[in-house]
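Work through the exercises below with the model in view. Try each task before you read its solution.

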Amino acid sequence: MPFEPGKHKWLRLVLLAIGLYLIFIPVWLLTLNAIAWFAATVAQWIYLLLDPLISIKANGNTVDVVVMASAQSGFGGQVYSQPLRVDTVTYGLPVIAALVLVTRADSTRAKLRALAIGMIVMLVTSVPAVMMWAKLTSLQLEEQLARAAMSTSGDRSSFFYYAFHGYAFSQPVIAVAVWLALLMFGLFKDKKKQPLSQAIARNVPCPCGSGRKYKRCCGRA
C-alpha cells in the first residue's frame, strides 16, 4: 500500500511544525544576546535582595555567574565563576513558535495573541533557570571551601544540579505544556461581544456565520 502523506492531516501538520522549527532556529540564535541580557538582568535584580555576594551579568549569548566567598568563611575575597550558555535553557522558544503557528485559530489576531503569550511565558522561565545556576554555583563554592578547611560537608548542590539539568533537557516538554495551556485557556479563539443592535434585530444575518437569520439560529429561544 503506497504511503501518501497528503491523506494524513496530522502528518502534514507535524511536517509543517518541523519545517517552521528549522526556520525559527536562526532567528532564535540571533536573539540569544538579548535573551541573555534579559534573563541576567532580572535574575541579578532578584539576587541583590537574596545574596549580594552573587553577581550575574550577560556576556554575549552567555550569562556569567560570579560568587564571592564571605569574610566569615575565612576565604573572604575568593571568587568562583561559571558561565551559562543561554541556548541550553531556551531552545524551547522555536518549539512553541512552531506549535502555535500550526494550530488552527479563529483569526490571525487570536493566533498572534497566543504566540505572544507563549513566547513571553517561555522567555520568563529562563529567569528561574539562571537563578538555579547561580545557586548551584554558590553551593559549589561553599563545598570547595569546606573541603579546603578539612570540614565534612554534604553535597547540597546535587539537588540544584539535577533540577537545572532536568529543566534544560525538558525544554520541548515545557514548550508542549505551554502550548496545551494556551489551548485549554482558549487563547486561539476570538471572544467577540455580540453587538446590541444585532441582538435585537432578529432578521439580520446571524453573527456566528451560519448564513441563517439571527432569529432562526443563535437567537432561537
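Predicted model: local features only at pLDDT ≥ 70, side-chain atom pairs only at ≥ 80, totals over all residues.

Residues are numbered from 1 along each chain as its sequence is written, and side-chain values use heavy atoms, with hydrogens and water left out.

**Exercise 1. The whole chain**

Task: List the secondary structure of the chain, then describe its burial and its surface.

Solution. Start with the elements. The chain has eight helices and three strands. Helices (H or I, at least four residues) and strands (E, at least two) are DSSP runs, numbered from the N terminus. Their order from the N terminus is α-α-β-β-β-α-α-α-α-α-α.

Next, take burial. Of the 221 residues, 34% are buried. Buried means under 20% relative accessible area, exposed over 50%, and partly exposed in between (1.4 Å probe, protein chains only).

Then take the surface. The chain exposes about 13700 Å², and 66% of that comes from carbon and sulfur atoms. Accessible areas come from the Shrake-Rupley method with a 1.4 Å probe; for residues, only the protein chains shown count as cover.

Finish with contacts, meaning heavy atoms within 4.5 Å. Among contacts with a separation of 6 or more, 58% are between residues 24 or more positions apart.

**Exercise 2. A strand with two faces**

Task: Find the partner of strand S3 and sort the side chains of S3 by face.

Solution. Strand S2 (residues 62–68) runs antiparallel to S3, and seven bridges join them. Two strands pair if DSSP finds at least two bridges between them. Valine 65 stands opposite glutamine 82 in S3.

Now walk along S3 (residues 79–85). Tyr80, Gln82 and Leu84 point to one face and are buried.

**Exercise 3. Arginine 85 and its partner**

Task: Which residue forms a salt bridge with arginine 85?

Solution. A salt bridge is a side-chain nitrogen of Lys or Arg within 4 Å of a carboxyl oxygen of Asp or Glu. The whole structure holds two. In one of them, arginine 85 pairs with aspartate 87, with the closest N and O atoms 2.6 Å apart.

Compare the ends. Arginine 85 has 51% relative accessibility, so it counts as exposed. Aspartate 87 has 18%, so it counts as buried.

**Exercise 4. Around aspartate 87**

Solution. Tryptophan 28 is 59 residues from aspartate 87 in sequence, yet their C-alpha atoms are 8.8 Å apart.

**Exercise 5. Around aspartate 190**

Task: Is aspartate 190 buried or exposed, and what does it contact?

Solution. Locate it first. Aspartate 190 is in the loop between helix H7 (171–184) and helix H8 (196–200). Its relative accessibility is 17%, so aspartate 190 is buried.

List the contacts. Setting aside neighbours within four places in sequence, they are Asp106, Ser107, Arg109 and Ala110.

Look at two of these. The side chains of aspartate 190 and serine 107 make a polar contact of 2.4 Å. A polar contact is a pair of N or O atoms within 3.5 Å; within protein, one must be able to donate a hydrogen and the other to accept it, and residues adjacent in sequence count only if both atoms are side-chain atoms. Arginine 109 and aspartate 190 form a salt bridge, 3.4 Å from N to O. This pair links distant parts of the chain, 81 residues apart, with arginine 109 in helix H4 (residues 108–124). Arginine 109 is exposed because its relative accessible area is 55%.
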